[in-house]
Amino acid sequence: MTTVIQFLIDVLSLGGAYALMALGLVIVYGILRLVNFAYGELIMIAGYVLYLMSGSGLPWLVMAFMGVLAAIATGIATDYIAFRPVRAKSVTAVLITSFAFSTLLQNAALLLVSPRPRPIPLPDLFSTTVEFLGVVTPARNLITILAAFILLSLFLFVMRYTIIGLAMRAAATNFRMARMLGVPANLVISSAFAISGLLAGVASLLWLGRIGSVVPGVGLEPLLIAFIATVLGGMRSLEGAVLGGFLLAFIDTGLNYLLPQDLLKFRDAFTFSFVILVLLWRPQGLIKGPASGDRT
Amino acid sequence: MLEVIDLEVRYGSIAAVKGIRFSVAPGALATLLGANGAGKSSTLLAIAGALPVAKGKILFDGVDVTGKKPEQMVQAGLAMVPETRDVFPDLTVDENLRLGAYTRLRDKSGVASDRERLFALFPRLQERKEQAAGTLSGGEQQMLVIARAMMARPKVLLLDEPSLGLAPVVVDQLFAMIAELKALGTTILLVEQNATKALQVADSAFVLRQGKIATEGRASDIAARQDLNALYLGGGM
């Protein structure tokens, strides 16, 4: 029984972080039909802001808030620098500009900070363990579950009940029609990037809280995770991104529990095989999402 | 109210609209007729700002609005219902209507009363307001996109082929409704394949042929012409 609870906590905490990452990627993809390859750098930026503030003596929550704010600002900057100038021109152009922006940010971190890992400040709570339902688990796992739950609920509320959320959902199905109702294209896109930054910023706290340090290339793995989770869940659907995140965490954690020690280093190979099997069965991903729709 | 001056619309090197000129008076209902590919939809999309204007000018309420974005046109008071009948299928009927009022976020009471008024006009929509718009029938979806456009309280409404693919009895209801919208004071520019129906509700008519205006006049005069079909196809001039 305790193993089951332990397993559930592991899946939910890893899945919560994965779901936030995936949702942040898909909110932009849904509207623009373009993958933001500079997405991982939002996670990196939040980490470096935390590192740079580590000597400041500010309360951790203030530093965390600044980190998330930096991720949001970088998200919006991605729109202005990498997407907006070439958005209407071609998909290839945006692909290249978003890669370029990603490289630019990584190199800035290399140049201005260091290629070596830098420790990020974390509250003591992140390194303590607690007993929960008879299971001893790191407190950060429960924090992750709670944070993911709060953020996902907030996201759901915004998308369902606010006019900007409605406008984003409408723009994701049919951007031109949304504009013909007076929804300003740039506002919707910038909002999507800002939400993407918020999700990435919080995911960064939770993710880097596990690692404890930040390096310039730290964003690659979250980008990959987010990408796989969204492909798995369905690139077009917000619910799919969340589902994909939790499913990927379930597969990862399941393999961690089941694989013998000497096969564990090949875990990702097993994970990807599973993903391929799922995609053979459902090439569109698990949730298909709304049909059709033009870009810009 | 709406004035189109020497409008040209191009798709690459192909001109779809080759310099047309017409105007619609305030409160009037004008119809653009013509065969497939005559340039009717391109004209409407260009007026709504959804297609670039290659040449010419569009005046709205006396102001030059050429080259404005679609969202700016809605803000200025011009709403369009495209022929693709684009409901947002995953959003409920009510959410679709809320989006229609996107430009009137501050006017909460006005929006609420317009919603009630439109529900009175389209009772089917009220019955189905919590339903996903994608589950409505074709006729209901057409009602929804028109109602949604009206939520912006536009001064001018552009309707592109509203009767396309609808059952005859639904087409009758639809035209009754269009007449009702006109009676409420909305200026309407209607593109239709169903010329007979369109000419019954319109004040004036313009017949487009291959991107040019072949003939124009009062709707009743155009309707009385024996050679209407020939005009469409280019034989009768």
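User: Where does A:Phe175 sit?

Analyst: A:Phe175 is in helix H7 of chain A, residues 175-180. Helices here are DSSP runs of H or I of at least four residues, strands are DSSP runs of E of at least two, and both are numbered from the N terminus. This is a predicted model: local features need pLDDT of at least 70, side-chain atom pairs count only at pLDDT 80 or more, and totals for chains, interfaces and linings use all residues. Residues are numbered from 1 along each chain as its sequence is written, and chains are lettered from A and ligands numbered from 1 in the order in which they are written.

User: Is A:Phe175 buried or exposed?

Analyst: A:Phe175 counts as buried because 21 other C-beta atoms lie within 10 Å. The cut-offs are 20 or more other C-beta atoms within 10 Å of its own for buried, 12 or fewer for exposed, and in between for partly exposed, with C-beta atoms placed from the backbone. The C-alpha atom of A:Phe175 is 9.7 Å from that of A:Val188, 13 residues apart along the chain.

User: What about strands E2 and E3 of chain A, how many bridges join them?

Analyst: Four bridges join E2(A), residues 129-132, to E3(A), residues 135-138, and the two run antiparallel. Strands count as paired if DSSP finds at least two bridges between them. A:Glu131 is opposite A:Val136 of E3(A). The hairpin has two residues between the strands, and A:Leu133 there has a positive phi near 50°.

User: Now the chain contacts. How many residues of chain B are in contact with chain A?

Analyst: 22 residues of chain B contact 17 residues of chain A; contact means that the C-beta atoms, placed from the backbone, lie within 7 Å. On the chain B side, helices H2 (70-76) and H3 (93-100) each supply at least two residues. That side of chain B has 13 nonpolar, three polar and six charged residues. Nonpolar means Ala, Val, Leu, Ile, Met, Phe, Trp, Tyr, Cys and Pro; charged means Asp, Glu, Lys and Arg; the others, Gly among them, are polar.

User: How many residues of H3(B) are buried?

Analyst: Seven of its eight residues are buried, so H3(B) is mostly covered. Among the buried ones are B:Glu95, B:Arg98 and B:Leu99. Their cover includes helix H6 (163-173) of chain A, together with helices H4 (108-121), H5 (123-127) and H6 of chain B.

User: Next, the four-stranded sheet in chain B. What is the strand order?

Analyst: The order is E2-E1-E4-E5 in an open sheet with antiparallel pairing. E2(B), residues 14-24, and E5(B), residues 63-64, are the edge strands, each pairing on one side only. E1(B), residues 2-11, is joined to E2(B) by eight bridges. B:Leu7 has B:Ile20 as its bridge partner in E2(B), and B:Leu2 is opposite B:Val24. In the hairpin of these two strands, B:Gly12 has a positive phi near 65°.

User: Which strands does H1(B) lie across?

Analyst: H1(B), residues 40-47, lies across E1, E2 and E4 (55-60) of chain B, at about 115° to E1(B). Axes are lines fitted to C-alpha atoms, for helices over the stretch in contact, and angles run from 0 to 180 degrees between N-to-C directions.

User: And the six-stranded sheet, what is its order?

Analyst: This open sheet of chain B runs E6-E7-E8-E3-E9-E10, with mixed pairing. Its edge strands are E6(B), residues 78-81, and E10(B), residues 212-218. E9(B), residues 204-209, pairs with E10(B) in the antiparallel sense over six bridges. One opposite pair is B:Ala205 and B:Gly217.

User: Last one, H7(B). Which residues there are buried?

Analyst: B:Leu174, B:Ile178 and B:Leu181 are buried in H7(B). They cover an arc of only 60° around the axis, so they are on the same side of H7(B). The arc is that of the directions from the helix axis to the C-beta atoms. The face turned away from the buried side carries exposed residues, including B:Ala176 and B:Glu180. The buried residues of H7(B) pack against H6 (138-150), E7 (156-160), E8 (187-191) and H8 (195-201) of chain B.

Methods
Two residues are in contact if their C-beta atoms, placed from the backbone, lie within 7 Å.
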